[in-house]
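Hi everyone, thanks for coming. Let's have a look at this one together.

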Amino acid sequence: MPYKRITLTHFLLQEQRRLGRSGAFTALMTDIITACKMVSHEVNRGALVGNHGVAGSENVQGEEQKKLDILANDIFLHMNALGGNYAAMASEELEDVHAVTGSADGRYLLLFDPLDGSSNIDVNISVGSIFSILRLPDGVDASKADAFLQPGVQQVAAGYALYGPSTMLVLTTGNGVNGFTLDRDVGMFFLTHPGMTVTPDTKEFAINASRSRFWEAPVRRYVDECLAGKTGPRGKDFNMRWVASMVAEVHRILIRGGVFMYPKDSENAAKGGKLRLMYEANPMAFIIEQAGGTAVTGCDRIMDLQPTNLHQRVPVILGSKNEVDRIADYHRQGA
Ligand code: P6P
């Protein structure tokens with residue numbers, strides 16, 4: 001009976017009562033939820049309203065910005081300033097911290113990648129928004145990047161919106177992972193995937209195989225063994241996927257297991273990797289660990305890293321625990 005579903009807002013209220021928490025999470029999530037609905041609307045309208053194509057500018061990462069990158073960023077900045085819960089925000093699209101003026105009581109910090117995988121927009125493949133919430137440490141200036149440089153274990157909540165065939169919002173507040181689907185007609189997210197978990201074993205891995213000539217030995221060993229299939233040391237066949245949209249990859253792993261790898265390689269080593277620690281790797285690592293999976297750089301747990309820069313990049317290997325543990329073992333062995 002679809003009318004018996006529970007909305008995301010009611011779910012958060014029930015969680016607060018169950019956990020004896022304050023009303024903070026509902027307040028923190030209210031504006032994020034609205035922002036994700038608005039971004040979903042703009043992504044969904046796409047070419048109909050001229051939302052495809054490039055903006056003619058570059059972001060702090062030196063990446064060409066799509067029109068929707070900028071629109072999604074503006075939506076997140078505007079909507080999440082309204083509730084007064086955030087003292088400051090950090091975005092993949094902004095070089096510096098965005099201090100929220102007039103937010104005298106903002107006790108939290110919001111980090112986000114407003115539209116991850118945006119190279120997929122014009123070819124109509126799923127993209128997403130990723131967000132991470134930290135507490136503002138007492139006595140710390142929220143307008144300075146140092147306030148944000150907290151290890152991933154300090155996150156109070158993390159999640160993503162996936163703008164796919166359905167728009168979904170997947171969230172953890174440190175008590176498991178739950179998925180919600182947007183009913184566009186009602187305009188609300190409804191709980192559709194309670195208690196999401198990652199299977200410890202898998203037969204599916206995701207990596208950009210065009211970079212294989214740059215790979216380090218442990219990654220090459222793992223992928224070669226998967227490709228050898230039944231005839232090789234793994235004794236089973238594997239499947240490969242690569243969407244070039246981290247949100248879509250992580251969501252697939254939550255639904256049916258798998259491993260996602262964007263490892264350090266000889267081409268990206270000088271930059272520390274490809275993906276950004278603060279608003280890609282940490283929030284996704286929080287979600288994956290809360291769902292029973294593992295998230296490492298190679299040998300080290302991602303969420304233990306002490307950040308040194310707001311936009312620092314890290315290697316990311318995450319997903320089904322037994323496979324990620326195997327890859328970490330290969331890194332410890334050196335191959
Ligand atoms: P490549 C998207 O730009 C992103 O940050 C992730 O969402 C995605 O997994 C990765 O980069 C894709 O990188 O090198 O395959 O284009």
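Helix 2 covers residues 24-45, so its 22 residues should span 32 Å at 1.5 Å a residue, and its end C-alpha atoms agree at 33 Å apart. Helices here are DSSP runs of H or I with at least four residues, strands are E runs of at least two, and both are numbered from the N terminus; the expected span is 1.5 Å times one less than the number of residues.

Bear in mind that this is a predicted model, with local features needing pLDDT of at least 70 and side-chain atom pairs 80 or more, while totals for chains, interfaces and linings use all residues. Residues are numbered from 1 along each chain as its sequence is written, and side-chain values use heavy atoms, leaving out hydrogens and water.

Just after helix 2, Gly 46 has a positive phi of about 45°.

As for polar contacts (N or O pairs within 3.5 Å), a ligand oxygen is 2.6 Å from a side-chain N or O atom of Asp 116. For Tyr 262, the distance is 2.6 Å, and for Lys 274 it is 3.0 Å.

Terms used:
Polar contact = N/O pair within 3.5 Å; in protein donor to acceptor, adjacent residues only side chain to side chain.
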